[in-house]
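Here are my notes on this one, as promised. Have the viewer open while you read.

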Amino acid sequence: MAYTKEEKSWIFQDWANSAYSIMITTAILPIYFKGVAANAGIAATTSTAYWGYANSIGTLLISLLAPILGTIADYQFFKKRFFGVFTAIGIAFTFLLIFIPTDAWLLLLGFYVLSLIGFSGANIFYDAFLIDVTTNDRMDKVSSAGYAFGYLGSCIPFIIFIIFQATGILPISDVALVNIGFIMTALWWLFFSIPMWKNVQQIHYIPAVKKPVKTSFKRLFHTISHISEHKNIVIFLIAYFFYIDGVDTIFRMATSYGIDLGISQTTLILILLMTQLVAFPFTLLYGYLAKRFSAKPLIFTAIFVYIIICVYAVFMKTALDFWILAMLVGTSQGGIQALSRSFFGKIIPKNRSNEFYGFYNIFGKFSAIIGPALMGIITQMTGKTQYGVASLIVLFLAGGIMFLFVKEKNLENL
């Protein structure tokens, strides 16, 4: 069966906002920040740690807001409004990066954190809209398609940027070229978000009340105080907390890691591009296989791949090693993210999807505080980024063990 208009519009939103993930979080900004920090006399390993701390601060702030915002968004009309507000914040601060002076490394990190809050906040409600656009039996397929086309879509502005950088076709400075990258990202995100805003509506909701904020706090407290009633959800969230920590940390810290290994900026950009292209078919493959074998064994497969990545990182010395690691990441990053999102959507109450996706995001975001911080601390202590990456293996092992106890049956909606 072909995708519905609502499914296509939802998938297209991943196409829109994934440009931020590759251009800002992974490629342009971390490389630019490393240069700005170096000009300020900050050592390479120290600036890597600072980048990790900035990611931790941004995720901490949105994590504190996620549960209550999600609970409020379960009321009719609120989900779309919150999605729009956070999307606007993310786009605005991405654009405003062009006004940061080249010697203001701390201000640059500050604006990045604000753009990250907008991006992460919007994704809370974007993820929860999965419940509204499709059915349980199509959820793995639609979620995987979202991530897959996100990888593909993010490649287009990335390739344009690479062409500008490699050819020097524009007679401008490197700083001006970076600013063009920021502008392209903001405009791409804005334009391709239109189908989501236009065609996707909140189908599952709780009827509106006079005091939604006060009532939401009461509902949130009730859920927390009766958490034992949702044992399967809790076990999944704990497992997710650990393994997605490693996934996000490797993604966010990859560029800084490559620079510390002495890999050139041009090579890093090409590696990141190829990783995106590899991720596209493999994420679709995960969705296809999940329909045949179910999502749980596929999530275990991805966890195993990431354990191999952590072990391999210890022995990395050359650009070829980094290429191999990046391709391994590309085979499983989208799959584990997409199937985790759809797996969770199947085991939660649909009319409270935002509340529970708030918890889903807080577990994911709080885990992203620990991972970059852990990698930063180990890197500073040892002076070797390889050991920082290797330390993440404990997170995948812990997540995999906890996931053994999660039941895939849709208990919450029986």
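1. Which hand does the crossing have where H1 passes H4? Left-handed. Bear in mind that this is a predicted model. The two helices, H1 and H4, pack at an angle of about 165°, and their axes are 11 Å apart. Angles over 145 degrees count as roughly antiparallel, so H1 runs roughly antiparallel to H4.

2. What is that contact made of? Sorted by class, the contact of H1 with H4 has 15 nonpolar residues, six polar ones and one charged.

3. Next, the H12 and H13 pair. Helix H12 covers residues 295-314 and helix H13 covers 319-347; they pack at about 150°, with 9 Å between their axes. That angle makes H12 roughly antiparallel to H13. The crossing of H12 and H13 is left-handed.

4. If you want to look at the side chains there, H12 brings residues including Leu298, Ile299, Ala302, Ile303, Tyr306 and Ile309 to the contact. From H13, the contact residues include Ile324, Leu325, Leu328, Val329, Ile336 and Phe343. The class count for the contact of H12 with H13 is 18 nonpolar, four polar and two charged. Lys296 of H12 and Asp321 of H13 are among the residues in the contact.

5. Which helices each supply at least two residues of the lining of the largest cavity? They are H1, H4 (105-128), H6, H10 (231-260), H13 and H14 (353-382). By class, the lining of the largest cavity splits into ten nonpolar, 13 polar and six charged residues.

6. Then there's the open side of things. The largest pocket has a volume of about 240 Å³. It is lined by 14 residues, and Ile31, Gln165, Asp174, Val178 and Gln265 are the closest to its centre. Two or more lining residues come from each of H1 (5-39), H6 (139-167), H7 (174-191) and H11 (265-293).

7. Which helix gives the largest share of the lining of the largest pocket? H1 does, with six residues. The lining of this pocket has ten nonpolar residues, three polar and one charged.

Notes. Residues are numbered from 1 along each chain as its sequence is written. This is a predicted model: local features need pLDDT of at least 70, side-chain atom pairs count only at pLDDT 80 or more; totals for chains, interfaces and linings use all residues. Side-chain values use heavy atoms; hydrogens and water are left out. On a 1 Å grid over the protein atoms alone, a cavity is a set of points where a 1.4 Å probe fits but cannot get out, and a pocket is an open set with protein on both sides within 12 Å along at least five of seven lines; lining residues have an atom within 4 Å of a point. Grid points are joined across faces, edges and corners, and a volume is the space filled by probe spheres set on the points. Helices (H or I, at least four residues) and strands (E, at least two) are DSSP runs, numbered from the N terminus. Ala, Val, Leu, Ile, Met, Phe, Trp, Tyr, Cys and Pro count as nonpolar, Asp, Glu, Lys and Arg as charged, and the others, Gly among them, as polar. Axes are lines fitted to C-alpha atoms, for helices over the stretch in contact, and angles run from 0 to 180 degrees between N-to-C directions. Angles under 35 degrees count as roughly parallel, over 145 as roughly antiparallel, 65 to 115 as roughly perpendicular and the rest as oblique. A crossing is left-handed if the near helix is turned anticlockwise from the far one by less than a right angle, and right-handed if clockwise. Contact means heavy atoms within 4.5 Å.
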